[in-house]
Amino acid sequence: MALATAACFCFAALPTFAAEPANWPQFRGPSQDNRADEAKLPLNWSEEQNVAWKTEIPGKGWSSPVVWDDQVWVGSADEDGKKFYAVCVDVETGELLKTIDLFEVGEPAFCHPMNSYASPTPVVEEGRVYVHFGSYGTAAINTQTFDVLWKRNDLPCDHYRGPGSSPVVFENLLICTYDGFDLQYVVAFDKKTGETVWKKDREIDYGNENGDFKKAFSTPIFVTRNRRVEMVSPTSRATIAYDPRTGEERWRVTYSGFSATAQALLDEDGTIYINTGFGKAELHKVDASEIADGMAKVLWEQKKNVGSKPSQVLVGNRIYNVSDGGVVSCLDAESGEEVWSDRLEGQFSASVLYADGRLYLFNHEGQAFVVAAKDEYELLARNELENGCLASPAVHGDALIVRTTKHLYRIEE
């Protein structure tokens, strides 16, 4: 017991938000793990059942909803990418409180139809929300007055298939990732003023001059090691850990995958699980406690049925995963071996959500599956809405906040 406690003290998830339990302030929740352990989420729903409200969201955007107090925020854009805006909805009533115009672009670059111009998820804290659209712009908004506090749209990057990496907050910084076809770097803004505090180029040997193998869409996580903070940032061909205060590189691991999208996972014993992205997604277990020549040690690699777009979820010593094509599986976190797998319907991009012994999985076609989080596969429910999800759901109390391709829903019993 003493040894386990010491390990957790030395290396644990960084509490980036001193948030109330009801708040879901960033991509994959307050602890960046897509877990709402105590939430009593509904098992069944449909357009006629357990929908507290349903609100049409203007434009097109796959940014996931974030929640602070009585507000839900999402980013959105015109489908042609010429106008970008932030949308605020009342979390209790579903009333559309405000649509805030932020940026106009005369000739936006190409965006793949599977993606959107507004895929990065906002990050919200007391009094402020930060909305990011990659190189198309980043803005800070006062959540009480809806005034725009600052904007930046001067950082170049050809996302080629569209932006995807979500911003993160650390202390006084808003950190954004620009992994494009042409340029690849990470930037920290002063979150109060929008001024650049540091900027770090990726400096990766991609092994290919084709920019399609250089772009990525992943969002960093924060961890601490012996009271020292690290920001673990997956990208194409490598995952790099930085000092979030300075941008100094701490360590890296390399792999053949590209277009990394899924967020890394952190185990309570300090182990990190990294998804390598497209080109046959793999899940790597990484020990960064001892660094040799700047490289962390890879303990195992799992190559079977790993999702390249949906982020996995870690519960105890089990990793739950869904592939892009709908194979849901359970892995042993210690060995990487598959415990079970089965097939669901449809295509998947949304992250796997865990709550109260259940897994919630949303596909592109409108179905949502509830699966038992245990060592035998058990499908508990199959639910359906009129449109599908590419955004990941948020949790507010005992309610799901779900963004489909057309609407925002509050789902609760």
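Gln32 is placed in the loop that runs between strand S1 (11–13) and strand S2 (51–56). In this predicted model, Gln32 has a positive phi of about 60 degrees, although the residue is not a glycine. Gln32 is also buried, as its relative accessible area is 6%.

**Overall fold**

- The chain holds one helix and 33 strands.
- The C-alpha trace spans about 50 × 50 × 40 Å along the principal axes of the chain.
- A compact globule of 413 residues would have a radius of gyration near 22 Å, and the 20 Å of the chain agrees with this.
- Of the 413 residues, 61% count as buried.

- Most residues other than glycine have a negative phi, and most peptide bonds are trans.
- Gln32, with its positive phi of about 60 degrees, is not a glycine.
- Glu203 likewise is not a glycine and has a positive phi of about 55 degrees.
- The loop that holds Glu203 lies between strand S14 (196–201) and strand S15 (221–225).
- Gln32 is buried at 6% relative accessible area, whereas Glu203 counts as exposed at 60% relative accessibility.

**Salt bridges**

- The count of salt bridges comes to 25.
- Asp212 forms a salt bridge with Arg161, and the closest N and O atoms of this pair are 2.9 Å apart.
- Because Asp212 lies in the loop between S14 and S15 and Arg161 in the loop between strand S10 (148–152) and strand S11 (168–170), the pair ties together parts that are 51 residues apart in sequence.
- Within this pair, Asp212 counts as buried at 15% relative accessibility, while Arg161 is partly exposed with a relative accessible area of 25%.
- Asp179 forms a salt bridge with Arg202, with 2.9 Å between the closest N and O atoms.
- This second pair links distant parts of the chain, for Asp179 is in strand S12 (residues 173–179) and Arg202 is in the loop between S14 and S15, 23 residues apart.
- Asp179 and Arg202 are both buried.
- Asp332 forms a salt bridge with Arg318, where the closest N and O atoms are 2.8 Å apart.
- Here too the pair links distant parts of the chain: Asp332 belongs to strand S25 (residues 327–332) and Arg318 to strand S24 (residues 318–322), and the two are 14 residues apart.
- Asp332 counts as buried at 16% relative accessibility, and Arg318 is buried with a relative accessible area of 13%.

**Surface charge**

- A patch of negative charge on the surface gathers Asp69, Asp70, Glu92 and Glu126.

**Separation in sequence and in space**

- Leu359 belongs to strand S28 (residues 358–362) and is buried, with a relative accessible area of 0%.
- From Leu359 to Ala372 there are 13 residues in sequence and 6.1 Å in space, C-alpha to C-alpha.
- Asn115 is found in the loop between S6 and S7 and is buried, with a relative accessible area of 13%.
- Asn115 and Asp342 are 227 residues apart along the chain, and their C-alpha atoms are separated by 27 Å.
- Gly127 sits in the loop between strand S7 (123–125) and strand S8 (128–132), where the residue counts as partly exposed at 21% relative accessibility.
- Gly127 and Glu378 lie 251 residues apart in sequence, with a distance in space of 42 Å, C-alpha to C-alpha.

Key. Residues numbered from 1 in each chain as written. Predicted model: local features only at pLDDT ≥ 70, side-chain atom pairs only at ≥ 80, totals over all residues. Heavy atoms only, no water. Patch = residues over 30% accessible without salt bridge, like charges linked within 9 Å, V, L, I, M, F, W, Y side chains within 5 Å. Areas by Shrake-Rupley, 256 points an atom, 1.4 Å probe, with all protein chains shown as cover. Salt bridge = Lys/Arg side-chain N within 4 Å of Asp/Glu carboxyl O. Lys, Arg positive; Asp, Glu negative; His and termini not counted. Charge placed at Lys NZ, Arg CZ, Asp CG, Glu CD. Helix = DSSP H or I, 4+ residues; strand = E, 2+ residues; numbered from the N terminus. Rg over C-alpha atoms; globule rule 2.2 N^0.38 Å. Buried < 20%, exposed > 50% of the residue type's maximum accessible area, 1.4 Å probe, protein only.
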